[in-house]
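Hi everyone, thanks for coming. Have a look at the picture I'm putting up, and then let's walk through it together.

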Amino acid sequence: MTLSIIIDGGLSIPKCGRNPLRWLWFRWGRYLAVRHRGVRVHRTCRIHPEARINPRGGQLTIGARTRIAPGACIQGPVTIGEDCTVQIYSVIVAVRGGPITIGNDVHIAPHVMMIAANHKFVDTDIPIGKQGIEAAPITIEDDVWVAGRVMITAGVRIGRGSVIGAGAVVTKDIPPWSVAVGVPARVIRTRKAQQSDNA
Ligand SMILES: CC(C)(COP(=O)(O)OP(=O)(O)OC[C@H]1O[C@@H](n2cnc3c(N)ncnc32)[C@H](O)[C@@H]1OP(=O)(O)O)[C@@H](O)C(=O)NCCC(=O)NCCS
């Protein structure tokens, strides 16, 4: 851990500039991801070796220039586009029947959680953990900012250009260009309207 902090400069997101040691360190992080069958990571990605990336038997793809921070956990059939960031301790877990698709220019702040499945709990005679899961896809369109500690539940689509405020729990689709906050998340305004007001 200490060695890692010395090499990565203590930064929360992989950045190597002209530092060859850091470049190698993030190449090592990329190798740790692509050693799993079904993982494709663009060569320009910066993956911190302390990220946990595992396709769980599915296909996991990360696009060009995307950066994955230490402590991020990305598992299952997940597609992440280009120029995205996944910050420290964010958890993105997809399952069979519940893929997660993240577009381009999407920024995921620290401690965000998105899990594309729920435990079933209909039967009170069987322990919840033995009833199986219900999967549903999560989709985040291009140019979205998901702020710190947001939770996104299974089956949700977040429309292009949206901002999800810190701590929100998103249980329903969010239309494009929205600013949504709260538990459960509600749209408080649209960015398009604000742009035309300011014009
Ligand atoms: C959502 C956010 C971007 C502000 O957006 P905004 O459109 O400028 O919103 P405003 O500050 O004008 O607030 C509008 C209303 O929403 C409320 N609000 C703002 N952010 C909120 C949040 N995260 N949760 C609940 N309510 C929130 C405000 O209190 C205000 O309520 P009011 O009208 O009753 O006074 C900001 O509050 C936020 O959550 N930032 C994220 C910080 C973060 O996680 N940073 C990580 C960086 S990667």
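Let's start with Ile-164, whose bridge partner in strand 21 is Ala-180. Before going on, please keep in mind that this is a predicted model, where local features need pLDDT of at least 70, side-chain atom pairs count only at pLDDT 80 or more, and totals for chains, interfaces and linings use all residues. Residues are numbered from 1 along each chain as its sequence is written.

Two strands pair if DSSP finds at least two bridges between them. Strand 19 (residues 163–164) and strand 21 do this in the parallel sense, over two bridges.

Now, what is the bridge partner of Ala-180 in strand 22? That is Val-187. Strand 21 and strand 22 (residues 186–190) run antiparallel, joined by four bridges, and Val-179 stands opposite Arg-189 in strand 22. These two strands form a hairpin with four residues between them. In the turn, Gly-182 has a positive phi of about 95°.

Next, the ligand. Among the residues surrounding the ligand are Val-179, Val-181 and Gly-182, along with Val-163 and Ile-188. The shell has seven nonpolar, four polar and no charged residues. In this scheme Ala, Val, Leu, Ile, Met, Phe, Trp, Tyr, Cys and Pro are nonpolar, Asp, Glu, Lys and Arg are charged, and the others, Gly among them, are polar.

Another open sheet has six strands, ordered 3-6-9-12-17-20, with parallel pairing. Its edge strands, strand 3 (52–54) and strand 20 (169–170), each pair on one side only. Strand 3 pairs with strand 6 (residues 73–75) over three parallel bridges, and Asn-54 stands opposite Gln-75 in strand 6.

What about the core? The largest nonpolar core has 47 residues, and Ile-74, Ile-164 and Val-170 touch the most other members. Such a core is a set of buried Ala, Val, Leu, Ile, Met, Phe, Trp, Tyr and Cys residues joined through C-beta atoms within 7 Å.

Finally, the whole chain. It has three helices and 22 strands, and buried residues make up 35% of its 199 residues. Along its principal axes, the C-alpha trace spans about 60 × 50 × 25 Å.

Notes. Near = placed C-beta within 6 Å. Buried ≥ 20, exposed ≤ 12 C-beta atoms within 10 Å, placed from the backbone.
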